[in-house]
Amino acid sequence: MFEGRVALVTGGTRGIGAAITECLVESGASVAAGYSRGKENAEQFVKRLGTNGSRVTVHQGRVDDVDDCNRVVKEVMDRFGRIDYLVNNAGITVDKTVRKMTVDDWRQVLDVNLSGAFQMTKALLEHMIERGSGRIVNISSVIGETGNVGQANYAASKAGLFGFTKSLALEMAQRGITVNCVAPGFIETEMVAAIPEPVLAKVVEKIPQRRLGRPEEVARVVRFLLEDESSYITGAVYSINGGLDM
Ligand SMILES: NC(=O)c1ccc[n+]([C@@H]2O[C@H](COP(=O)([O-])OP(=O)(O)OC[C@H]3O[C@@H](n4cnc5c(N)ncnc54)[C@H](OP(=O)(O)O)[C@@H]3O)[C@@H](O)[C@H]2O)c1
């Protein structure tokens, strides 16, 4: 399906990002997967995929660092010569109520989750414009739609991605580039494993399907948005949340 195409997936070696990388590789794409601190995990992930690094490369770089974003894009261009798809997936949480949240807690999350998507997009947008084609998918969250106690920074960053997505979709509408958002609910990854068990049990009670989502269930929607046949979908938000918010 994606033979000869190249995807850059930030945070692409763990959790949802790893599932996206795996799904795109299975569909024939070459994937450059970004990571920040988990070098060992990234290397093991590539081994597990078993393509001998021919179609999957890993790139260390912080999305909240402009120089890192530009360097990673250059590495990918040097290696593969093109980037067709960008999936802005890297994200963090620093959960505290607003009363306890420091300015630094706020900035850290906004810098990675929102500015990171902007900076990585900036680093390769001209390349997509020159080629007259491209697909950008931003991974937001149901929390950006509903808000959540203890997650004002995270909710603001994820709500910000909706506005960023729609504005960029408008700017790119006549340039062959689509920009969309995926908003997962609670998905089984390390991020959710960090939620205390009793709190998580209460969350699951509120999900109409009474279960967490699987990373693969997010990945298949991302793949769908990247397909050539999805060219008329832009500025959209796809919810994947077991009915938690509808
Ligand atoms: N899990 C959920 O329930 C859920 C729900 C809705 C939305 N989401 C969103 O989905 C995305 C992936 O979540 P996940 O649960 O898969 O998270 P995860 O397992 O914690 O993985 C996060 C990934 O982001 C990378 N990362 C973190 N900070 C970075 C930085 N400064 N620069 C570059 N990369 C960085 C990490 O790199 P290292 O491997 O080096 O640590 C890791 O690969 C996030 O944007 C998250 O907000 C998750």
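Reader: How many Å is an oxygen atom of the ligand from a polar backbone atom of Ile-16?

Author: The model is a predicted one. The distance from the polar backbone atom of Ile-16 to an oxygen atom of the ligand is 2.8 Å.

Reader: What percentage of the ligand's area does the protein bury?

Author: The ligand taken alone exposes 900 Å². The ligand sits in the largest pocket. Of the area exposed by the ligand alone, the protein buries 93%.

Reader: At what distance from an oxygen atom of the ligand does a backbone N or O atom of Asn-89 lie?

Author: The ligand is surrounded by 30 residues, and Asn-89 is listed among the closest, together with Arg-37, Gly-38, Tyr-154 and Thr-189. For Gly-185, a polar backbone atom is 3.4 Å from an oxygen atom of the ligand. For Asn-89, the distance from a backbone N or O atom to a ligand oxygen is 2.7 Å.

Reader: Is Leu-161 buried or exposed?

Author: Leu-161 has its place in helix α6. Its relative accessibility is 1%, and the cut-off for a buried residue is under 20%. Leu-161 therefore counts as buried.

Reader: How far apart in space are Leu-161 and Asn-113, C-alpha to C-alpha?

Author: In sequence, 48 residues separate Leu-161 and Asn-113. Leaving aside neighbours within four places in sequence, Leu-161 is in contact with Asn-113, and also with Leu-114, Ala-117, Asn-138, Ile-139, Ser-140 and Cys-181. The C-alpha to C-alpha distance between Leu-161 and Asn-113 is 8.3 Å.

Reader: Which residues does Ser-157 touch, not counting residues up to four places away in sequence?

Author: Ser-157 lies in helix α6. Ser-157 counts as buried because its relative accessibility is 0%. With residues up to four places away in sequence left out, Ser-157 touches Val-109, Leu-110, Asn-113 and Leu-114.

Reader: Which residue has a side chain that a polar contact of 2.8 Å joins to the side chain of Asp-105?

Author: Asp-105 is placed in helix α4 (residues 103-131). Asp-105 is buried, because its relative accessible area is 7%. Its contacts, leaving aside neighbours within four places in sequence, are Val-94, Lys-96, Lys-100 and Asn-153. The side-chain polar contact of 2.8 Å is with Lys-96.

Reader: How far apart in space are Met-101 and Leu-170, C-alpha to C-alpha?

Author: Met-101 is in the loop between β4 (85-88) and α4, and counts as buried at 14% relative accessibility. Not counting residues up to four places away in sequence, Met-101 touches Val-94, Lys-96, Trp-106, Ala-152 and Asn-153. Met-101 and Leu-170 are 69 residues apart in sequence, and their C-alpha to C-alpha distance is 34 Å.

Reader: What value is phi of Arg-210 near?

Author: Arg-210 is placed in the loop between α8 (197-206) and α9 (215-226). At 52% relative accessibility, Arg-210 counts as exposed. Its phi is positive, in a residue other than glycine, and is near 55 degrees.

Terms used:
Residues numbered from 1 in each chain as written. Predicted model: local features only at pLDDT ≥ 70, side-chain atom pairs only at ≥ 80, totals over all residues. Heavy atoms only, no water. Helix = DSSP H or I, 4+ residues; strand = E, 2+ residues; numbered from the N terminus. Buried < 20%, exposed > 50% of the residue type's maximum accessible area, 1.4 Å probe, protein only. Contact = heavy atoms within 4.5 Å. Near = heavy atom within 4 Å. Polar contact = N/O pair within 3.5 Å; in protein donor to acceptor, adjacent residues only side chain to side chain. Areas by Shrake-Rupley, 256 points an atom, 1.4 Å probe, with all protein chains shown as cover. 1 Å grid on protein atoms, 1.4 Å probe; cavity = no way out; pocket = protein on both sides within 12 Å on 5 of 7 lines; lining within 4 Å. Sits in = over half its atoms within 2 Å of the grid points.
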